[in-house]
Amino acid sequence: MRDLVDDGNTVVVVDHDTRVLAEADYLVEMGPVAGAGGGNVIAAGTVDEVEQSQGSRIAPFLRTEPKRLRPQVTDDEMFDQGHIRMATDAIHTVKPLEVDIPRGRLVAVTGVSGSGKTTLVLETLIPALKAQAAGERLPGHVRWVDAEGIARANLIDATPIGANVRSTVATYADIHDELRRAFARTPEAKAAGYKAGAFSYNTGALRCPTCDGTGSISLDVQFLPDVEIVCPACRGSRYAEAASHIHREGKDGSLLTLPQLMDMSVDEAIDATLGLKKVQTRLQTLHDLGLGYLTLGEPTPALSGGEAQRVKLAKELHRRQTGKTFYILDEPTTGLHFEDVRQLLDVLQRLVDAGNTVLVIEHNLDVIKVADRLIDMGPEGGNGGGTVVVSGTPEQVAACSQSYTGKFLAPLLKRDRERQAQLDAQ
């Protein structure tokens, strides 16, 4: 990029990585939050000027203050809750290897692109754990696996949540059913004879008859692909006119219909659903994951990969936690702001605190440095990789001269230690 600038070009980069931002000649920060609460330039100037800006959300992350985003265990405590061990033969470019993963910890698998992270985790570890939990035969290249106490391996990835436009944020997060029951209890619904089922826009009596509860209609254009437009009858609400006559009174005295609620963002709905404990809990989890800007009626197929991954994670958090689940997330911080990363780590810590094991395939050094244990693959990509270069705490990986991850992790940890020493001295 510097070469392009030196040749007289202008280079504009959309990025969150502070190592990239710190090299910029000029920063333009949008915000202050996502969705309807954003869309403003909240800071602009050189890196130093943005760092000093009171309204900036990125400024605290540009400064060199050490940030302890989660509690980490010591090397002596690492395997107190048990081991998850596996031995494999060669597959693709990954050589025969053995891995030892601590139970009940946050573990990061690191390494350069093509080093074998995906093969190790997605093509080997997950199938092996699922096979063992189901009492089935292990994958052919897996020699043995020892994962006593692990009853479920759950991959939370960025694949779209279905292809059905009837699936919305509210239905997937188990919010819509609670709202339907709440509206069925209202005096207006009882007087009209509407039960909870009537408020379903899939099969209920109150769904829009024009679009059949999808919120849109398809126009058949001869010789061209069909065109989707917003339903002219319900204007995208999915409900018939009769649904606008059923109101629920909130604790603040406001009267809202279900179509109005479904058109609200998660953050707006938190205030509008006071008194509905389950709904509030689920909405708060979405907010905690940085998804407060999503509308309840937003179709899940339209979500980005990162949004879909976090909505899946929110749903998982409301399962009864037994401490016997192995959660795997593939690069969960891709495209996230540092504040979103902090919120994500808070949620992952809740899973760890419940006794679960959480493994992330990750390149983000701010996540890598706070993991309990790292498994660094490599050293190179392709045929030059496929081995475990080093496995240990972030400090141990930083001390490994063969690790590319360690090369970039070492100065980051050193800077944090020096800054912490300065703060302690003050």
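# Aromatic pairs, a helix crossing and backbone details

Me: How many aromatic pairs does the structure hold?

Reply: The structure holds 4 aromatic pairs. Rings of Phe, Tyr and Trp (its six-membered ring) pair if their centres lie within 6.5 Å; planes under 30 degrees apart count as stacked, over 60 as edge-to-face and the rest as tilted. This is a predicted model, in which local features need pLDDT of at least 70, side-chain atom pairs count only at pLDDT 80 or more, and totals for chains, interfaces and linings use all residues. Residues are numbered from 1 along each chain as its sequence is written, and side-chain values use heavy atoms, with hydrogens and water left out.

Me: What is the geometry of the F183 and F199 pair?

Reply: The pair is tilted, at 6.1 Å centre to centre and with 45° between the planes. F183 lies in helix 7 (residues 176-184) and F199 in the loop between helix 8 (187-192) and strand 8 (216-219), so the pair ties together parts that are 16 residues apart in sequence. Helices (H or I, at least four residues) and strands (E, at least two) are DSSP runs, numbered from the N terminus.

Me: Is F183 buried or exposed?

Reply: F183 counts as buried, at 1% relative accessibility. F199 is also buried, with a relative accessible area of 1%. Buried means under 20% relative accessible area, exposed over 50%, and partly exposed in between (1.4 Å probe, protein chains only).

Me: Which residues do ring pairs link into a cluster?

Reply: The cluster consists of F183, Y194 and F199.

Me: And what lies over the face of Y201?

Reply: R238 does, at 4.8 Å from the ring centre. Likewise, the charged end of K315 sits over the ring of Y172, 5.0 Å from its centre. A charge sits over a ring if NZ of Lys or CZ of Arg is within 6 Å of the ring centre and within 35 degrees of the ring normal. Both Y201 and Y239 are buried.

Me: Changing topic: how do helix 12 and helix 13 cross?

Reply: The axes of helix 12 (residues 305-317) and helix 13 (residues 338-353) come within 11 Å and cross at roughly 30°. Helix 12 is thus roughly parallel to helix 13. Axes are lines fitted to C-alpha atoms, for helices over the stretch in contact, and angles run from 0 to 180 degrees between N-to-C directions. Angles under 35 degrees count as roughly parallel, over 145 as roughly antiparallel, 65 to 115 as roughly perpendicular and the rest as oblique.

Me: Which residues make the contact?

Reply: Helix 12 contributes R310, L313 and L317, and helix 13 contributes D340, L344, V347, L348, R350 and L351. Contact means heavy atoms within 4.5 Å.

Me: Where is P32, and what about its peptide bond?

Reply: P32 is in the loop between strand 1 (27-31) and strand 2 (40-45). The peptide bond from G31 to P32 is cis, with omega near 5°. The bond from G378 to P379 is cis as well, with omega near 5°.

Me: What is the phi of D174?

Reply: D174 has a positive phi of about 60° although it is not a glycine. D174 is partly exposed, with a relative accessible area of 34%. R235 has a positive phi of about 55° and is not a glycine either; at 67% relative accessibility, R235 counts as exposed.
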